[in-house]
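Please look through the sequence and the three-dimensional model below before reading on.

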Amino acid sequence: MKREGLILILSAPSGAGKTSLCRELFKTFPDMKESVSFTTRAPRTGEVEGEAYHFVTRETFDSMVADNAFAEWAEVHGNRYGTALITLEEAWRNGVDLVLDIDCQGARKLKEQFDGGVYVFIMPPSMAELRRRLEFRSTDAQEVIERRIVRAADEIREARWYDFIIFNDNFDEACRELAAIVTANRRKTSRMMDKVGKLFDI
Ligand code: 5GP
């Protein structure tokens with residue numbers, strides 16, 4: 001029996017601190033891999049093709065949709081983002097633990113189609129704190145911030161169907177909680193029997 005990879009799906013409203021939590025997660029579990037999505041948005045300064053994303057044209061993206069190359073895709077802030085089916089299949093088959101940082105629409109599509117993913121929603125401490133973080137870090141116009149806040153409220157409503165919810169009010173504690181979820185899921189019998197079988201020849 002070969003160990004099946006863990007697929008960890010993380011979603012959060014922008015400003016909840018998902019990026020920093022992810023960074024810590026990869027420090028704690030260096031063998032976990034980040035799923036590299038395809039997107040039609042332009043690279044930001046410093047973003048390298050194939051690292052954070054595969055940057056593609058709208059035509060390429062849409063032809064991938066037509067070819068059923070995506071496990072899920074969604075439109076976020078006017079751009080399209082998708083997880084290639086092959087990324088999931090390869091990780092799963094090779095026993096690699098994969099982290100997907102995707103929005104709620106995409107996560108829901110994935111959950112409807114695939115068994116076995118672990119869905120974690122990162123929650124900001126409060127709406128007031130989310131607003132404070134967005135205003136503090138952003139050079140965006142007030143109306144852009146207002147739009148993000150409305151969208152955040154919609155996303156928070158989606159949290160009900162995730163497997164786990166983590167409040168990011170204390171960053172270290174949130175990191176520990178996320179690590180605990182990963183560890184617990186890594187210790188599921190279905191993921192341990194490969195090692196047990198090899199060690200004890202059963
Ligand atoms: P950004 O453009 O700031 O990198 O990402 C914007 C949003 O798109 C984030 O909420 C992120 O989680 C989401 N996103 C990134 N990749 C994917 C993907 O492959 N599928 C879906 N559904 N959302 C994604």
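In what order do the five strands of the open sheet lie? The order is β2-β7-β1-β8-β9, with parallel pairing, where helices (H or I, at least four residues) and strands (E, at least two) are DSSP runs numbered from the N terminus, and two strands pair if DSSP finds at least two bridges between them. This is a predicted model, in which local features need pLDDT of at least 70 and side-chain atom pairs count only at pLDDT 80 or more, while totals for chains, interfaces and linings use all residues. Residues are numbered from 1 along each chain as its sequence is written, and side-chain values use heavy atoms, with hydrogens and water left out.

Strands of a sheet pair through backbone hydrogen bonds, either parallel or antiparallel. The edges of this sheet are formed by β2 (33-34) and β9 (164-167), each of which pairs on one side only. Strand β8 (residues 118-123) runs parallel to β9 and is joined to it by four bridges, and I122 stands opposite I166 in β9. Across β1 (7-11), β8 and β9 lies helix α7 (residues 171-186), which runs at about 160° to β9; such angles run from 0 to 180 degrees between N-to-C directions, and the axes are lines fitted to C-alpha atoms, for helices over the stretch in contact.

Charged side chains come next. The structure holds 19 salt bridges, a salt bridge being a side-chain nitrogen of Lys or Arg within 4 Å of a carboxyl oxygen of Asp or Glu. One of them joins R186 to D31, with the closest N and O atoms 3.1 Å apart. Because R186 lies in helix α7 and D31 in the loop between α1 (18-28) and β2, this pair ties together parts that are 155 residues apart in sequence. R186 counts as buried at 12% relative accessibility, whereas D31, at 48%, counts as partly exposed; buried means under 20% relative accessible area, exposed over 50%, and partly exposed in between (1.4 Å probe, protein chains only).

The side chain of R186 also makes a polar contact (2.7 Å) with the side chain of D97, where a polar contact is a pair of N or O atoms within 3.5 Å and, within protein, one must be able to donate a hydrogen and the other to accept it, residues adjacent in sequence counting only if both atoms are side-chain atoms. D97 is found in the loop between α3 (85-94) and β7, and at 3% relative accessibility D97 counts as buried.

A further salt bridge links D103 and R151, whose closest N and O atoms are 3.7 Å apart. D103 lies in the loop between β7 (98-101) and α4 (104-113) and R151 in helix α6 (residues 142-158), so the pair ties together parts that are 48 residues apart in sequence.

Which residues touch the most other members of the largest nonpolar core? Of its 22 residues, these are L8, L10, L25, M32, V99, V120 and I122, a nonpolar core being a set of buried Ala, Val, Leu, Ile, Met, Phe, Trp, Tyr and Cys residues joined through side-chain atoms within 4.5 Å. At least two residues of this core come from each of β1, α1, β8 and α7, and α7 gives the largest share, six residues. Apart from this core lies another, of 17 residues, among them I9, L100, F121 and W161.

Definitions and conventions
Contact = heavy atoms within 4.5 Å.
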